[in-house]
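Here is a short briefing on one protein chain. Look over the sequence and the 3D view, then read the points below.

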Amino acid sequence: MKGSEKRLISLYDGSNVRMIIPVYQRNYDWTRDNCRQLFDDLVSLIKNNRQNHFFGSVVEMGTQEGIGEVSIIDGQQRITTVYLLMLALVKLLEEEKITSADPQLARRIRVSYLEDEFQPEDKKLRLKPVKNDEMALKRLFKDEKDYLLSSNLTNNFRYFYERILDQELTADELFKAIQKLMIIDISLKQGEDDAQLIFESLNSTGLDLTEADKVRNYVLMNQPVKVQESLYENYWNKIEVNTNYEVSNFLRNYLTFNLKRVPKIQKVYLEFKKYSEKNDSDIEELLSDLERYSEINRDISY
């Protein structure tokens, strides 16, 4: 494990850079209040002529799926939010609703931090969120009529779009402020660092994980990326749908049946972890059993 201070924007920059939000992560869920605080901080940076602003930590690990590809273990909220902010800035410049002293600013941000024009279409974006978030993000690169209005990404993108239009900062000042965001970048090595244990010790988003979030991380995190995606599609996503996304309560019921006692709801993850380790469970077999129980749960509930 290696930690270093660096500018957040450097994570988006470079040949073949692609940041992948693993499927075990929750969907993007920063609120408008979080976005307002970020923008206020950027305004303060410029108005008070400060040199930098500490923006938390990011934990990432190379995927071994491709040069430059990294999995974001922790910090996806920050990374995604700043990506949305830069995209809003680019679109406003391209639509000529705001101007810049640098006529190439929109182009520079797009090709350096948002897209890799030399990659195939499915890998062009430098950020790959999870499932529905990925669809919403791709649509933000299209016309407004194509936006996925139910998505939190879309809501926060539109907030930034309108806030930039207020012209509290010029386009050049805003991009300068974004470049001043500093993070602690913690880089993990495959086979050497236990991503699960490190993740459990961090809480950089300020948003509490549910018991289901913790169990999802536990069963998927330490798997290779392609295995994660397969397990998520074949089992975990089906469990979410079958339980109407009330997975924490379902897991409590599952444990109650198997342990012959009722665990406290706030202890579901710890009880599940002990249950899995005690039975030396194969992860795919365990997920298959959970998916089977979730079907029974669905049939009883509906």
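Start with burial: 51% of the 302 residues of the protein chain count as buried. Keep in mind that this is a predicted model.

**Overall build**
- The protein chain contains 12 helices and six strands.
- Its C-alpha atoms fill a box of roughly 70 × 45 × 40 Å along the principal axes.
- A compact globule of 302 residues would have a radius of gyration near 19 Å, and the 21 Å of the protein chain agrees with that.

**Contacts and surface**
- Take the contacts in the protein chain with a separation of 6 or more: 72% of them link residues 24 or more positions apart.
- The protein chain has an accessible surface of about 15000 Å².
- Carbon and sulfur atoms account for 46% of that surface.

**Charge**
- There are 43 positive and 51 negative side chains in the protein chain.
- The centres of these two sets lie 2 Å apart.

- Strand E6 covers residues 181-188.
- Why is strand E6 described as largely enclosed by the rest of the structure? Six of its eight residues are buried, so the rest of the structure largely encloses it. Buried here means under 20% relative accessible area.
- Strand E3, residues 53-62, runs parallel to E6, and seven bridges join the two.
- To find a spot where they face each other, look for Glu60: it stands opposite Ser187 in E6.

Note on methods
Residues numbered from 1 in each chain as written. Predicted model: local features only at pLDDT ≥ 70, side-chain atom pairs only at ≥ 80, totals over all residues. Heavy atoms only, no water. Helix = DSSP H or I, 4+ residues; strand = E, 2+ residues; numbered from the N terminus. Rg over C-alpha atoms; globule rule 2.2 N^0.38 Å. Buried < 20%, exposed > 50% of the residue type's maximum accessible area, 1.4 Å probe, protein only. Contact = heavy atoms within 4.5 Å. Areas by Shrake-Rupley, 256 points an atom, 1.4 Å probe, with all protein chains shown as cover. Lys, Arg positive; Asp, Glu negative; His and termini not counted. Charge placed at Lys NZ, Arg CZ, Asp CG, Glu CD. Pairing = 2+ DSSP bridges.
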